[in-house]
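Here is a friendly note to read beside the structure, for anyone meeting it for the first time. Please keep the 3D view open and follow the points in order.

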Amino acid sequence: MADQQILAPDASINNGQLARNVTPGANFGFDGLRGMTLQPAVRKALPTLALTGALGLAALTYFALSTPAQAPLFQGLAEADKAAVADALQSSGISYSLDPGTGAISVDAGKLHEARMLLAGQGLPKAQPTGDAMMASLPMGSSRAVEGETLRGAREADLARTIEAIDAVKTARVHLATPEASVFVRESKEPAASVMLTLQQGRSLSAAQVRAIRHLVASSVPNMSAEDVSIIDQSGALLSSDQTSADDRMFQLQMQMEERYREAVIALLTPIAGPGNFSVEVHADVDASESQSTRETYPENDRALRSEEGNKSVSGAAEEAGGIPGAMANQPPPANAVVNQPPEANAAGTSPGQSEETYNRSFDVGREIAVTHNPQGALRRLSVAVALRDGKGAQKRTPAEIAALENLVKGAVGFKAERGDVVAISARPFVEEAEVVVNFWDEPWFFPLVQQVGAVLGALLAFFIIGRPLVKAVKARMIASKELAETEQKLMQAAARQQASRPANGTVTIDMIESAPSYEARAKLVRAFVRQDPQRAALVVRQMLGKPSNG
């Protein structure tokens with residue numbers, strides 16, 4: 001009986017160890033994983049697995065931090081265009097990403113322009129369909145309304161493609177409002193159009209280009225006038241407004257005149273003084289008033305005969321003596337001439353040979369009419385100021401040199417003293433421009449370098465903060481497991497030695513109690529010792545409590 005009690009502790013230890021190894025618990029997955037990690041082969045491979053996991057974590061951190069920033073390539077493309085763009089990028093070896101929410105295609109920021117040039121060379125993304133394609137896709141048997149809308153859409157598409165041919169225009173959209181003709185409407189409305197332009201970055205349209213677009217659209221639609229075409233840009237600014245004030249027009253005219261004279265002076269002084277060694281300012285005094293005068297003059301002794309009327313009547317008169325003086329001339333007239341003279345001639349009291357003449361003459365007086373028209377924008381006065389740079393340590397310019405330059409400037413701007421023009425030239429040392437210091441963090445190479453260095457540091461931190469402690473923990477667990485296995489083996493060997501050295505009669509000794517492998521085995525041995533020899537056990541207890549024995 002005593003032998004069975006002594007062997008019970010060792011059996012419980014072994015059975016507990018076996019229970020931990022083979023008995024399944026409620027958490028089968030965790031216990032199974034734990035049991036698998038207790039295998040010798042797995043224990044040997046745990047450091048290698050932990051090191052591999054740490055390196056993988058560091059590599060994952062590096063690639064996550066070193067991924068370049070993404071820039072949107074195109075947005076709002078049709079599905080067919082997206083597929084074509086994705087195929088072109090993939091065939092060219094350019095990585096891209098597709099936003100699942102907006103459908104925007106993004107590429108690396110450093111390859112944005114390269115990707116755009118590549119796609120532009122392949123004609124991607126494709127432009128909006130032409131009018132011919134829209135008409136060709138019209139199904140057979142369509143109604144008149146569908147045909148009309150298709151025709152209008154085709155015309156809008158062709159106009160948009162034509163406007164996009166302008167360099168400053170990126171994209172264009174045209175909307176036509178064409179009323180239907182009807183014989184029942186007395187007053188029909190004129191057609192109108194609106195144009196939406198998306199300009200290139202940093203570009204703008206001049207007034208002449210805006211007028212050209214308006215006339216282009218108006219001439220493409222019957223009965224449309226250029227005033228009925230409205231043009232706006234991507235910022236919502238109305239480009240086709242003609243309601244500019246007179247002050248604005250005069251200000252623009254003044255700026256154009258000043259710019260013209262300034263360019264003339266700069267072109268003249270650049271070869272002489274060098275670029276950056278002079279400064280030119282021009283002020284043009286423009287007359288904003290408009291006048292018109294008419295003058296009428298009558299030159300002296302300048303007349304012309306306009307009409308003349310006359311009436312000449314001659315009554316019967318006797319022939320006057322005439323001819324060569326002599327005998328023949330002094331003869332009296334023949335008798336029959338005197339006899340045939342009409343009697344009323346004598347009654348009227350007219351003398352023989354008298355004639356009567358009546359005239360009515362009209363004259364025009366010469367005159368001159370002169371009309372003088374002085375339009376707006378006449379130049380009343382011109383002022384030009386030129387500042388020349390005097391170099392440090394160089395010889396200053398002489399008055400003769402300055403006078404020569406002044407004469408050149410006067411000739412370039414058309415100087416007129418009677419108009420009150422002023423040309424002023426002065427030589428002064430210029431203030432040195434402060435050197436622009438470019439910080440190293442503003443350089444284009446700095447951000448990619450910081451990104452790569454940050455990725456490396458992140459990988460190292462992930463390795464040393466997460467991976468290395470994990471490897472150490474695995475190694476410590478392996479060492480503890482190994483020590484535990486060695487301790488269990490030693491205990492089993494000690495128990496075997498005790499079993500071999502135990503007396504055959506089953507007597508429990510003090511040495512056996514002291515060399516018990518565990519507390520439970522020692523307690524069992526103590527109980528067996530008490531049952532074996534109660535008096536001796538009481539003596540031992542008294543000695544432990546420090547009480548004297550009573551015999």
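1. Let us begin with Asp 285, which is partly exposed at a relative accessible area of 27%; here buried means under 20% relative accessible area, exposed over 50% and partly exposed in between, with a 1.4 Å probe and protein chains only. The side chain of Asp 285 meets that of Arg 380 in a salt bridge, 3.2 Å from N to O. A salt bridge is a side-chain nitrogen of Lys or Arg within 4 Å of a carboxyl oxygen of Asp or Glu. The pair links distant parts of the chain, with Asp 285 in strand β7 and Arg 380 in strand β12, 95 residues apart. Arg 380 also counts as partly exposed, at 42% relative accessibility.

2. A word on the source: this is a predicted model, in which local features need pLDDT of at least 70 and side-chain atom pairs count only at pLDDT 80 or more, while totals for chains, interfaces and linings use all residues. Residues are numbered from 1 along each chain as its sequence is written, and side-chain values use heavy atoms, with hydrogens and water left out.

3. Now the overall picture. The protein has 16 helices and 13 strands, where helices (H or I, at least four residues) and strands (E, at least two) are DSSP runs numbered from the N terminus. Of its 551 residues, 22% count as buried. Among contacts between residues at least 6 apart in sequence, 71% join residues at least 24 apart; contact means heavy atoms within 4.5 Å.

4. Which strands make up the open sheet of three? The order is β7-β12-β13, with mixed pairing; two strands pair if DSSP finds at least two bridges between them. Strands β7 (278–287) and β13 (422–428) stand at the edges with a single partner strand each, so one side of each has no neighbour in the sheet. From one strand to the next, the twist averages 10°. Strand β12 (residues 378–389) runs parallel to β13 and is joined to it by seven bridges, and Val 384 stands opposite Val 423 in β13.

5. Helix α12 (residues 399–413) lies across β12 and β13, running at about 140° to β13. For these angles, axes are lines fitted to C-alpha atoms, for helices over the stretch in contact, and angles run from 0 to 180 degrees between N-to-C directions.

6. Is Ala 424 buried or partly exposed? Ala 424 is partly exposed, with a relative accessible area of 39%. Leaving out residues up to four places away in sequence, Ala 424 touches Val 384, Ala 385 and Val 386. Ala 424 and Val 386 are 38 residues apart in sequence, yet their C-alpha atoms are 6.2 Å apart in space.

7. How many salt bridges does a search of the whole structure find? The search finds eight. One of them joins Glu 149 to Arg 152, with the closest N and O atoms 2.4 Å apart. These two are three residues apart in helix α7 (residues 144–163), and are therefore separated by about one helical turn. Glu 149, Arg 152 and Glu 156 are linked in a network of salt bridges. Another salt bridge is that of Lys 410 with Glu 406, at 3.5 Å between the closest N and O atoms; this pair is four residues apart in helix α12, again about one helical turn. An α-helix has 3.6 residues a turn, so residues three or four places apart point the same way.

8. Last, please look at helix α4 (residues 79–91). At 1.5 Å a residue, its 13 residues should span 18 Å, and its end C-alpha atoms are 18 Å apart, which agrees; the expected span is 1.5 Å times one less than the number of residues. The buried residues of α4 are Asp 81, Lys 82, Val 85, Ala 86, Ala 88 and Leu 89. They cover an arc of only 165° around the axis, so they lie on the same side of α4; the arc is that of the directions from the helix axis to the C-beta atoms. On the other side of α4, Glu 79, Ala 80, Gln 90 and Ser 91 are exposed. The cover over the buried residues includes β1 (70–74), β2 (96–98), β3 (105–108) and α5 (112–121). Just after α4, Gly 93 takes a positive phi of about 80°.
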